[in-house]
Amino acid sequence: MHIIVRDLDNPYVQRLVQRYRNLHGNQTHDKDDFARGLIEAMRNGQAVGVLMDTNMTPPQGVFVDFFGTPACTASGIARIAARTDAAVIPAFMIWDSVLSKYRLRFEPALELVRTGDDDADTVANTARFTKAIEGIVRRFPEQWLWVHRRWKTRPEGQPPIY
């Protein structure tokens with residue numbers, strides 16, 4: 001699978017995490033320059049994975065509602081999906097207590113908004129992707145591990161949350 005990542009600040013931890021990310025053949029792409037690599041992977045029939053519930057900063061992110069609060073959210077996937085007609089399929093790891101292991105759960109593909117206004121469509125589709133994440137978190141709140149400040153980036157003129 002091809003995944004978008006941000007290098008960690010500590011180089012020793014970064015090397016360790018990178019080794020684990022690539023252990024089973026995954027390929028990583030830096031968040032600042034990912035489009036070309038992901039598009040090529042898709043053209044070659046390879047899977048692409050993106051974690052969407054992380055804080056971003058403009059212009060890499062747009063503000064969409066997440067649990068009733070504007071959250072700056074990665075918009076590159078919406079742009080790539082619109083450009084390539086790639087299916088956007090929400091996928092989540094859910095702990096199955098009966099099996100005592102994680103199960104990969106896929107939701108139906110999300111239909112893209114296509115009005116012809118690329119910027120508005122990007123925001124609308126990013127909001128749609130974020131709603132899918134919110135829906136899973138609401139169904140399985142005890143399984144959402146969150147170790148960062150999701151609403152760190154604020155819309156202009158709004159006070160910080162943290």
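In this predicted model, a nonpolar patch on the surface is formed by Ile89, Met93, Trp95, Tyr102, Leu104 and Phe106. Together these residues have about 670 Å² of accessible area. Two elements each give two or more residues to the patch: strand E6 (91-96) and strand E7 (101-106). Strand E7 gives the most, with 3 residues. Tyr102 is found in strand E7.

A second pair is formed by Trp144 and Trp146. Here the ring centres are 4.5 Å apart. The planes lie at 20°, so the pair is stacked; the cut-off for stacking is under 30 degrees. Trp144 is partly exposed, with a relative accessible area of 24%. Trp146 is also partly exposed, at 29%. Both tryptophans belong to a cluster linked by ring pairs. The cluster consists of Phe66, Phe67, Trp144, Trp146 and Trp151.

A contact between a charge and a ring was found at Arg19 and Tyr20. The charged end of Arg19 sits over the ring of Tyr20. The distance from this charged end to the ring centre is 5.4 Å.

How values were computed: Residues are numbered from 1 along each chain as its sequence is written. This is a predicted model: local features need pLDDT of at least 70, side-chain atom pairs count only at pLDDT 80 or more; totals for chains, interfaces and linings use all residues. Side-chain values use heavy atoms; hydrogens and water are left out. Patches are made of residues with over 30% relative accessible area and no salt bridge: like charges are joined within 9 Å, nonpolar side chains (Val, Leu, Ile, Met, Phe, Trp, Tyr) within 5 Å. Accessible areas come from the Shrake-Rupley method with a 1.4 Å probe; for residues, only the protein chains shown count as cover. A salt bridge is a side-chain nitrogen of Lys or Arg within 4 Å of a carboxyl oxygen of Asp or Glu. Helices (H or I, at least four residues) and strands (E, at least two) are DSSP runs, numbered from the N terminus. Rings of Phe, Tyr and Trp (its six-membered ring) pair if their centres lie within 6.5 Å; planes under 30 degrees apart count as stacked, over 60 as edge-to-face and the rest as tilted. Buried means under 20% relative accessible area, exposed over 50%, partly exposed in between (1.4 Å probe, protein chains only). A charge sits over a ring if NZ of Lys or CZ of Arg is within 6 Å of the ring centre and within 35 degrees of the ring normal.
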